[in-house]
Amino acid sequence: MNWKTNKDLFVAFFRAGILGYGGGPASIPLFHKEAVERYRWVTDEEFGDILALGNALPGPIATKIAGYIGYRLAGWSGLVSAILATALPTVLLMIGLMGLLTSFRDSSVVQGMTQAITPVVAVMMLTLTYSFFKQSKKGLGLGLSIALVIISLLFYQGLAVHPAIIIGALLGYGLLAKPRKDKDTKKGESA
């Protein structure tokens with residue numbers, strides 16, 4: 001067992017878990033920051049694949065992402081470290097704040113704090129979405145990326161198709177579609 005890797009996994013996912021107010025979806029940009037930018041455990045593309053797979057499976061997204069990355073880096077001990085680090089902040093905060101929030105739940109200050117967090121989480125999610133859209137544009141091209149976004153929105157909003165089904169269909173498309181070659185590659189082949 002690699003103690004340094006397990007310690008890094010625990011610290012990274014604990015930090016993301018403690019700062020990710022709002023649940024798993026709010027933690028995803030923080031997980032991305034730790035796993036891709038700070039520790040470089042996975043690339044942007046790999047993180048996108050992990051996120052898509054995690055969204056297609058039932059259960060909390062945060063523990064699935066952490067568990068996968070932990071297992072990939074350090075096996076079973078890494079999986080346990082990452083999942084504990086992800087769940088522990090929530091457990092500690094719920095135990096510590098439950099009584100406090102119950103006694104002040106009707107306070108305008110508490111309601112205002114909750115309402116103030118919503119735009120921050122929305123901006124974080126939009127930033128992550130934009131990052132994934134840029135990756136999609138590289139692999140699929142702008143037109144196809146926009147078309148898939150529009151089709152997904154139509155299925156989700158218009159037909160009320162469950163997001164896991166849409167994600168599964170997009171994963172299937174990604175597996176079956178031929179990768180787009182860059183213009184530079186095409187120029188090199190024709191020369």
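Which residues in α3 are buried? The views below start there. The model is predicted; local features need pLDDT of at least 70, side-chain atom pairs count only at pLDDT 80 or more, and totals for chains, interfaces and linings use all residues. Residues are numbered from 1 along each chain as its sequence is written, and side-chain values use heavy atoms, with hydrogens and water left out.

**View 1. Helix α3 and its buried residues.** In α3, the buried residues are F47, G48, I50, L51, A52 and G54. Buried means under 20% relative accessible area, exposed means over 50%, and partly exposed lies in between (1.4 Å probe, protein chains only). Helix α3 covers residues 44-56, which makes 13 residues. From its first C-alpha to its last it reaches 18 Å, close to the 18 Å expected at 1.5 Å a residue. That expected span is 1.5 Å times one less than the number of residues. Helices (H or I, at least four residues) and strands (E, at least two) are DSSP runs, numbered from the N terminus.

**View 2. An aromatic pair between F13 and F31.** A search of the whole structure finds six aromatic pairs. One of them joins F13 and F31 edge-to-face, at 5.0 Å centre to centre and 70° between the planes. Rings of Phe, Tyr and Trp (its six-membered ring) pair if their centres lie within 6.5 Å; planes under 30 degrees apart count as stacked, over 60 as edge-to-face and the rest as tilted. The pair links distant parts of the chain: F13 sits in helix α1 (residues 3-19) and F31 in helix α2 (residues 24-38), 18 residues apart. F13 counts as buried because its relative accessibility is 1%. F31 is also buried, at 1% relative accessibility.

**View 3. The stacked rings of Y39 and W41.** Their centres lie 4.5 Å apart and their planes meet at 10°, so this pair is stacked. Y39 is partly exposed, with a relative accessible area of 25%. W41 counts as buried at 16% relative accessibility. Ring pairs link Y39 and W41 with F13 and F31 in a cluster.

**View 4. S27 in helix α2.** Is S27 buried or exposed? S27 is buried, because its relative accessible area is 5%. Leaving aside residues up to four places away in sequence, S27 touches A16 and G20. Contact here means heavy atoms within 4.5 Å.

View 5. The structure holds six salt bridges. A salt bridge is a side-chain nitrogen of Lys or Arg within 4 Å of a carboxyl oxygen of Asp or Glu. An α-helix has 3.6 residues a turn, so residues three or four places apart point the same way. K33 is partly exposed at 43% relative accessibility, and E37 is partly exposed at 39%.

**View 6. A salt bridge between helices: R72 and E46.** The closest N and O atoms of R72 and E46 are 2.9 Å apart. R72 lies in helix α4 (residues 61-104) and E46 in helix α3, so the pair ties together parts that are 26 residues apart in sequence. R72 is partly exposed at 39% relative accessibility. E46 is partly exposed at 27%.

**View 7. A salt-bridge network of K4, K7 and D8.** In the bridge between D8 and K7, the closest N and O atoms are 3.6 Å apart. D8 is buried, with a relative accessible area of 11%.
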